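Here are my notes on the model you sent over. Have it open beside you while you go through the points.

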Amino acid sequence: MVCEISEAIAVLIALVERAIEAGASEMEVEYKDGWEEIYAVGSGIGVGIARLDATSAAARALRKELYAIPKEGQIVQACGCAYRLQVCVYESFGEDAFRVAMKRS
């Protein structure tokens, strides 16, 4: 049986994998000047890992998936391991921003 994943979760997993490979324990997604800027955050330091046009299908899919993750979190497979993602939505300069905690399950 073939199990296809949605574009939204595929975008999220690709970004989570980049953040994990950068040694991060969290990821932040913030809107700035027409772009969704994604940072890998670890030990108080953030490193840019992606920048998506905010009107693109990938950016819309990412926001949709981040809003859909329940408070108790969601398990995803990334870098060959299971990770629990927990999302905190907060306001940054009048726009919703996201902090995604990534904990190995």
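1. Start with the loop between S2 and S3, which is where Ser43 is found (helices, H or I of at least four residues, and strands, E of at least two, are DSSP runs numbered from the N terminus). Ser43 is not a glycine, yet its phi is positive, about 55 degrees. Most residues other than glycine have a negative phi. At 79% relative accessibility, Ser43 counts as exposed (buried is under 20% relative accessible area, exposed over 50%, partly exposed in between, with a 1.4 Å probe and protein chains only).

2. Cys79 sits in the loop between S4 and S5. Cys79 also isn't a glycine and has a positive phi of about 55 degrees. With 31% relative accessibility, Cys79 counts as partly exposed.

3. A word on the ground rules: this is a predicted model, where local features need pLDDT of at least 70, side-chain atom pairs count only at pLDDT 80 or more, and totals for chains, interfaces and linings use all residues. Residues are numbered from 1 along each chain as its sequence is written, and side-chain values use heavy atoms, with hydrogens and water left out.

4. Now the core. The largest nonpolar core has 28 residues, and Leu12, Met27, Ile38, Leu62 and Met102 touch the most other members (such a core is a set of buried Ala, Val, Leu, Ile, Met, Phe, Trp, Tyr and Cys residues joined through side-chain atoms within 4.5 Å). Elements giving two or more residues to this core include H1 (7–21), H2 (57–68) and S6 (95–104). H1 supplies the largest share, 8 residues. As a general matter, nonpolar side chains in soluble globular proteins tend to be buried together.

5. Have a look at Leu12 in particular. Setting aside neighbours within four places in sequence, Leu12 is in contact with Met27, Leu62, Glu65, Leu66, Ile69 and Leu85 (contact means heavy atoms within 4.5 Å).

6. How do the axes of H1 and H2 cross? They come within 8 Å and cross at roughly 90 degrees (axes are lines fitted to C-alpha atoms, for helices over the stretch in contact, and angles run from 0 to 180 degrees between N-to-C directions). That makes H1 roughly perpendicular to H2, a label used for 65 to 115 degrees. On the H1 side the contact is made by Glu7, Ala8, Ile9, Val11, Leu12 and Leu15, and on the H2 side by Ala57, Ala58, Ala61, Leu62, Glu65 and Leu66. These residues divide into 10 nonpolar, no polar and 2 charged.

7. On to the charges: there are 4 salt bridges (a side-chain nitrogen of Lys or Arg within 4 Å of a carboxyl oxygen of Asp or Glu). Arg99 and Glu28 pair up at 1.9 Å, N to O. This pair links S6 with S1, 71 residues apart. Glu28 counts as buried at 10% relative accessibility, while Arg99 is partly exposed at 29%. Glu26, Glu28 and Arg99 are linked in a network of salt bridges.

8. Strand S2 shows up in two further pairs. Glu36 meets Arg63 at 2.8 Å, N to O; Glu36 lies in S2 and Arg63 in H2, so parts 27 residues apart in sequence are tied together. Glu36 counts as buried, at 4% relative accessibility. Glu37 forms a salt bridge with Arg51, the closest N and O atoms being 3.2 Å apart. Here the pair ties S2 to S3, 14 residues apart in sequence. Glu37 is buried at 14%, whereas Arg51 is partly exposed at 48%.

Key:
Parallel < 35°, antiparallel > 145°, perpendicular 65-115°, else oblique. Nonpolar A, V, L, I, M, F, W, Y, C, P; charged D, E, K, R; others polar.
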